[in-house]
Amino acid sequence: MIVWLNGAFGAGKTSAARELVDFMPGSTFYDPELVGNGLRMMLPRKRLEQVSDYQDLPSWRRLVVDTGAALIAEVGGPLVVPMTVLRQEYRDEIFGGFAARRIPVRHVLLHTDETILRERIAERDEIPGDADASESVRQWCLAHLAPYRAALTWLTTDAHVVDTTGLSPRQTAQHIADAVREGAGTCDIVQTPEPRAETLAAGVLLFDEEDRVLLVDPTYKPGWEFPGGVVEPGEPPMCAGVREVTEELGVRLDEPLRLLVADWERPQPPGYGGLRLLFDGGKLSGAAAQEVLLPRSELRGWRFVTESEAAALLPPVRLSRLRWALRAREQGRPLYLEAGVPMG
């Protein structure tokens, strides 16, 4: 099990985490910041200069999961993880990675009044003997207060909140331990195993009366997606698309689907790639849309979007696939793509 302590810089996550280890027999303190420090030493300077925070490195997010899984395999007990994560797509990627490895996550938010946070940050002597470096750290912490406020909308919904304003680190740890024992902070994320070979996947595009396309927001990976999923062994791809729409949206499709795009996705480690099919599922009436019911362990939201709105939600590879699928729908003929580029 992972007990992930989130919160603003200065909320006392690290101090509470070290105390929490005493309240949870067999637990181990795991600081993902060490992963970031290692990447700073290993990655070329040119790559590091491309990001403002090591959390923006895909390698950091993957290594946090891989290292955590390796630690649990080594020590067997829970891991206590103090780490600020303010971007929901990074939360999805990391927690989804743990879920894929069958490692449950308890998400706890340590919240402190901003006035107290600013006082704590002002008193921090991060690097003893180096006043300039310590001041740089303090300014960095202050600069992240606004992103923290912006993230509270999803954080307070996703995590169990512990108000640490008047608590010592040990009192905070006691509150967390009691809450975890009662099941607080449980993240019900679909446990989708990572592929071990190339996969065949089927997605379905559903449209409203304005020809906007329906997208869904997974809880277990970053970015929005089309309804659909991996085709099971021996399952016809069209049937897989129909099945996934029913499982994900509670919508039954009675008419045969029309193929829009077959896109070969190249292997890109750690991914294996494979063939991705997009079908036209037709229009979803207003009445049917009102009946959409999401599996909360898998999807947190859905919406109809225009092609331009989809550009802000879909990762580049899926956006390219959508754009060509829409062109295929307009032309009335399917397109064959390789890595998002039409061939033939």
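Me: Why is Gly228 called buried?
Reply: Buried means under 20% relative accessible area, exposed means over 50%, and partly exposed is in between (1.4 Å probe, protein chains only). Gly228 has a relative accessible area of 15%, so it counts as buried. Keep in mind that this is a predicted model, where local features need pLDDT of at least 70 and side-chain atom pairs count only at pLDDT 80 or more, while totals for chains, interfaces and linings use all residues. Residues are numbered from 1 along each chain as its sequence is written, and side-chain values use heavy atoms, with hydrogens and water left out.

Me: What makes Ala202 a contact of Gly228?
Reply: Contact means heavy atoms within 4.5 Å. Leaving aside neighbours within four places in sequence, Gly228 has Ala202, Gly203, Glu244 and Glu248 as contacts. Gly228 itself belongs to strand 8 (residues 228–230); strands here are DSSP runs of E with at least two residues, helices are runs of H or I with at least four, and both are numbered from the N terminus.

Me: Which annotation covers residues 197–327?
Reply: The UniProt record, an unreviewed entry, gives "domain: Nudix hydrolase" for residues 197–327. Its positions follow the numbering used here, feature names are shortened, and annotations may be inferred rather than shown by experiment. In the model, that span is 26% helix and 33% strand.

Me: Why is the pair of Trp4 and Phe95 called edge-to-face?
Reply: Rings of Phe, Tyr and Trp (its six-membered ring) pair if their centres lie within 6.5 Å; planes under 30 degrees apart count as stacked, over 60 as edge-to-face and the rest as tilted. By this rule there are 3 aromatic pairs. Trp4 and Phe95 sit 5.5 Å centre to centre with 70° between the planes, which is edge-to-face. Trp4 is in strand 1 (residues 2–7) and Phe95 in helix 5 (residues 88–100), so the pair ties together parts that are 91 residues apart in sequence. Trp4 has a relative accessible area of 0%, so it is buried, and Phe95 is buried too at 3%.

Me: And what is the pair of Tyr54 and Trp60 called?
Reply: Tilted: the centres are 5.4 Å apart and the planes make 50°. Tyr54 is buried at 12% relative accessibility, and Trp60 is buried at 0%.

Me: How do you know that the charged end of Arg329 sits over the ring of Phe207?
Reply: The rule asks for NZ of Lys or CZ of Arg within 6 Å of the ring centre and within 35 degrees of the ring normal. The charged end of Arg329 is 3.6 Å from the centre of the Phe207 ring and sits over it. Arg18 likewise lies over the face of Phe29, at 4.1 Å from the ring centre.

Me: Why is strand 1 called largely enclosed?
Reply: Because 6 of its 6 residues are buried. Ile2, Trp4 and Asn6 point one way, while Val3, Leu5 and Gly7 point the other way.

Me: How do you know that strand 1 and strand 4 pair?
Reply: Two strands pair if DSSP finds at least two bridges between them. Strand 1 and strand 4 (residues 105–111) are parallel and joined by 6 bridges, with Asn6 opposite Leu109. Strand 1 also runs parallel to strand 3 (residues 79–82), with 4 bridges; there, Ile2 has Leu79 as its bridge partner.
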